[in-house]
Amino acid sequence: MSTAVAVLDARATVAYTAYVIHLHGCHPCQDADASEGVDCPTGTRLREAWKTARNASLRARREAPHPAAT
């Protein structure tokens, strides 16, 4: 795995962790209907940040050169 992909993976993990920690402490997000994806403004921002980081990581993995088979 390239260093760039590892950095993006780490960013996605940090963003996800921040989102989950928020969910555990935010009563409006806990009471929201999960099927509708309704969170408080902070929860919405954190969820979007996580999704953006996750997608960047996945995109980098797809575009990373694969080692030659030996």
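Among contacts in the chain between residues at least 6 apart in sequence, what share joins residues at least 24 apart? The share is 57%, a handy place to start with this predicted model.

**Overall layout**

Let's look at the chain as a whole. There are three helices and zero strands, and from the N terminus the order of elements reads α-α-α. Of the 70 residues in the chain, 26% are buried. The accessible surface amounts to about 5,100 Å², and carbon and sulfur atoms account for 60% of that area.

Here are the helices with their residue ranges:

| Helix | Residues |
|---|---|
| α1 | residues 3–25 |
| α2 | residues 27–31 |
| α3 | residues 41–63 |

**A closer look at α3**

Helix α3 holds 23 residues, which at 1.5 Å a residue should span 33 Å.

Which residues of α3 are buried? They are Gly 43, Leu 46, Arg 47, Ala 53, Ser 57 and Ala 60. These buried residues pack against both α1 and α2. As background, an α-helix has 3.6 residues a turn, so residues three or four places apart point the same way.

**Ala 4 in α1**

Now to the other end of the sequence. Ala 4 sits in helix α1. Is Ala 4 buried or partly exposed? Ala 4 counts as partly exposed because its relative accessible area is 49%, and the exposed class starts over 50%. Ala 4 and Arg 61 lie 57 residues apart along the chain, yet 9.4 Å separates their C-alpha atoms.

Conventions:
Residues are numbered from 1 along each chain as its sequence is written. This is a predicted model: local features need pLDDT of at least 70, side-chain atom pairs count only at pLDDT 80 or more; totals for chains, interfaces and linings use all residues. Side-chain values use heavy atoms; hydrogens and water are left out. Helices (H or I, at least four residues) and strands (E, at least two) are DSSP runs, numbered from the N terminus. Buried means under 20% relative accessible area, exposed over 50%, partly exposed in between (1.4 Å probe, protein chains only). Contact means heavy atoms within 4.5 Å. Accessible areas come from the Shrake-Rupley method with a 1.4 Å probe; for residues, only the protein chains shown count as cover. The expected span of a helix is 1.5 Å times one less than its number of residues.
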